[in-house]
Amino acid sequence: GVGLGTAAAVALVVGAGIALWQAERARAAAAAALSEAARAERVQRFVLSVFSEYDPVARASAEANPRALVAEGIARAERELGEDPALQRAVLLDLSRLEVAIGDPRAAVARLAAIEASMDASDPLAQARARVALAQALLQDGQLAEADRVLALALPVLVERLPDGDLERLRAEFMVGRIGNNIGRTAQSVELGTAVHARTAAAHGETHSEALAQLVALGSWQTAGAAFADGQKSLETAVRLIEQSRGDGHASLAFALMQLGNNFRRQGRNADALPLLERANRLYANLLPAGHPLIVGGLLRYGDTLRKSGRLDEAAESFDAVAALVRPETSDAAQLAMFRGQLAMARSDHAGAARQFESAFVLFRSIAGEKSPMTWGARGEQGRALLIGGMLDAAAPVIEETYAMRSAHMGADSLDVALSVNAMAALRQEQGRMDDALVFWRDSLTRH
């Protein structure tokens, strides 16, 4: 009986200790939650104060544009919050996200990289969130390989620590597809995007802003992969849902219309595309600051559709409008050079086209990297322009270099490699090397 009583007493002590430990853990968790909530509230108050200190007249002025407001907020955070590094970091993280959203990713990248580097592994979730923000900025800036690397570090933590239907996790998973679509993994992006969109719609409803954004992106990826009917269906569904849930003046509608117009443009249905692109551009002009990447992209697509419709002077005017908005050394400037090169080709100015494509190649290589499909897409167009223009000696090293790089880095079955095979066949034929040309033409036929 004594042994049993002793055991019971020990059990009571141990049980009481466990209960006290559990209660302490609960109190610590509650305190952490309160601390996190308090910090979140302080972050929100600071960010809101950045915008509330400007009166409506000042906001309407040319000086107080969104970029200026965010820049002032960043300067204030760096100036005023140094005594609370965690709060300062959280505020700068939010303001940097805003900076990316309003079309200024280059400035945000260095700051977000510094924030990410300053964080240790003691808070893996916070570190992962900083990495997602950095990956988004890198993606918007065209630094695709680095965006892919950074996101790959963040995603396992989010998957482990956040529930399946959590929006933050879903956005990050979908971003894998956004990056993949830009580095030649379009088929994988469509498969992943379809699955993530289905989960988002199931958890939050098909008219939730994230579900709609994913549906529009999915339609654009299907279009990029030449699945035009699937892309058209996704985008028409998105347009209908946005109009029903948000009306006809929302920025998300402009983006969906732009992507649907691009789908028609890719199908050669330029007459159907132009009114959609015009409507989207009007919405962008009313809703976004001048120079925003969506405005730039909209004008570029509109100008290229005019080019494809034979309206070359109007296309040139659209590209001139873009030139007044973009900053040099950016991916927007590279895209502009590509479209101007296509316009020069339509005017049979092959030397001028080659110069534009070379400019795009140099910019893409410095921004997106040596192995990016965009880099070698520009180089391939330069070689094509030189070859068609009869500049054989200049064309040969460009076409050969492009073929070698694409073959080494883009996979034997990729469309980019097939284009280079065709270019090599045409080059060898023009050089009079018919046996070599036949080898490439046979290779080309096996790819169709």
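Is Ala-229 buried or exposed? Ala-229 comes out exposed, at a relative accessible area of 60%. Everything here is a predicted model, where local features need pLDDT of at least 70 and side-chain atom pairs count only at pLDDT 80 or more, while totals for chains, interfaces and linings use all residues. Residues are numbered from 1 along each chain as its sequence is written, and side-chain values use heavy atoms, with hydrogens and water left out.

**View 1. The whole chain is built from 21 helices and zero strands.** Helices (H or I, at least four residues) and strands (E, at least two) are DSSP runs, numbered from the N terminus. Of the 448 residues, 44% are buried; that label means under 20% relative accessible area, with exposed over 50% and partly exposed in between (1.4 Å probe, protein chains only). Take the contacts (heavy atoms within 4.5 Å) with a separation of 6 or more: residues 24 or more positions apart account for 56% of them.

**View 2. Helix α11 carries both Ala-229 and Ser-234.** The helix covers residues 228-246. Ala-229 has its C-alpha atom 9.6 Å from that of Gln-267, 38 residues apart along the chain. Ser-234, on the other hand, is buried at 11% relative accessibility. Leaving aside neighbours within four places in sequence, Ser-234 touches Leu-215, Gly-219 and Gln-222.

**View 3. Helix α12 is largely enclosed by the rest of the structure, since twelve of its 16 residues are buried.** Those buried residues include Leu-253, Leu-257, Met-258 and Phe-264. They pack against α10 (209-224), α11, α13 (270-287), α14 (293-308) and α16 (331-346).

**View 4. The largest nonpolar core has 68 residues.** A core here is a set of buried Ala, Val, Leu, Ile, Met, Phe, Trp, Tyr and Cys residues joined through side-chain atoms within 4.5 Å. Leu-257, Leu-300, Phe-319 and Val-322 have the most contacts inside the largest one. Helix α16 gives the most to this core, with nine residues. Beyond four places in sequence, the contacts of Phe-319 include Leu-300, Asp-304, Leu-336 and Phe-339. A second, separate core of 38 residues includes Val-132, Ala-135, Ala-147 and Ala-154.

**View 5. Asp-304 and Arg-265 meet in a salt bridge, 2.6 Å from N to O.** Asp-304 is in α14 and Arg-265 in α12, so the pair ties together parts 39 residues apart in sequence. Both ends are tucked away: Asp-304 is buried at 4% relative accessibility, and Arg-265 is buried at 8%. For the cut-off, a salt bridge puts a side-chain nitrogen of Lys or Arg within 4 Å of a carboxyl oxygen of Asp or Glu. The structure holds 28 of these.

**View 6. Arg-106 and Asp-141 form another salt bridge, at 2.7 Å from N to O.** Arg-106 belongs to helix α5 (residues 105-118), and Asp-141 to the loop between α6 (124-140) and α7 (144-161), 35 residues apart. Arg-106 is partly exposed at 37%, whereas Asp-141 is buried at 4%.
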